[in-house]
Amino acid sequence: MENGESSYRRFLEGDNGAFAEIVEAYKDNLIFFINRYVHNFAVAEELAQDHFVELLLHKRRYNFKTSLKTYIFTIGRNLAVSYIRKCNRRPECAYEFIENEQDIALLEDEFIKKEQARELHEALETIAEDYSTALHLIYFEGMSYEQVGKVMKKNKKQVENIVYRAKKALRKELEKEVSLYENK
């Protein structure tokens, strides 16, 4: 069973065409495999390309103890995991592959929405528990006032009053946030 080892042996002996065979045999599957981790096809392509460059530069690292395919996919997985760790430490790395202005505008809109959602959730944590529970169930879970009443053991009128007061309290908290930003 060949599994690319003979091509790799030829590559070690100086046959650059053999390296092209290896890339051709494993490139697409490696990209799809890495994409399962990073969930970004452009990033997966970059990481696969980096992998083959590393393989080219450090060709003596493969020792033929496992199949070439196992070796290539193990290194691919390691690159993907390293990338994910890097992104967890530095979230903006997911945006390194943005190339046009429309994508940048979409990312800015996404960032603004996430920031607004974060501020909303922080404000929800500061108001009374009944208030935040009612608002969460209605606006995030899509429940009706009757359903919220059943969950909270209240009647519909009580839920309506809670939601009214909750919105008022939430507005007050959000206005505090705005005034804090304006005073900076």
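Select aspartate 15 and arginine 10: they form a salt bridge (a side-chain nitrogen of Lys or Arg within 4 Å of a carboxyl oxygen of Asp or Glu), and their closest N and O atoms are 3.2 Å apart. This is a predicted model, in which local features need pLDDT of at least 70, side-chain atom pairs count only at pLDDT 80 or more, and totals for chains, interfaces and linings use all residues. Residues are numbered from 1 along each chain as its sequence is written, and side-chain values use heavy atoms, with hydrogens and water left out.

Now colour the two residues by accessibility. Buried means under 20% relative accessible area, exposed over 50%, and partly exposed in between, with a 1.4 Å probe and protein chains only. Aspartate 15 has 31% and is partly exposed; arginine 10, at 29%, is also partly exposed.

Helices are DSSP runs of H or I, at least four residues, numbered from the N terminus. Glutamate 21 is partly exposed, at 38%.

Next, go to helix α8 (residues 156-182), where glutamate 173 and lysine 176 are 3 residues apart, about one helical turn. Their salt bridge has its closest N and O atoms 3.1 Å apart. Which of the two is buried or partly exposed? Glutamate 173 is buried at 18%, whereas lysine 176 is partly exposed at 42%.

Last, select Arg10, Asp15 and Glu21 together: salt bridges that share partners join them into one network. The whole structure holds 4 salt bridges.

Technical notes. Helices (H or I, at least four residues) and strands (E, at least two) are DSSP runs, numbered from the N terminus.
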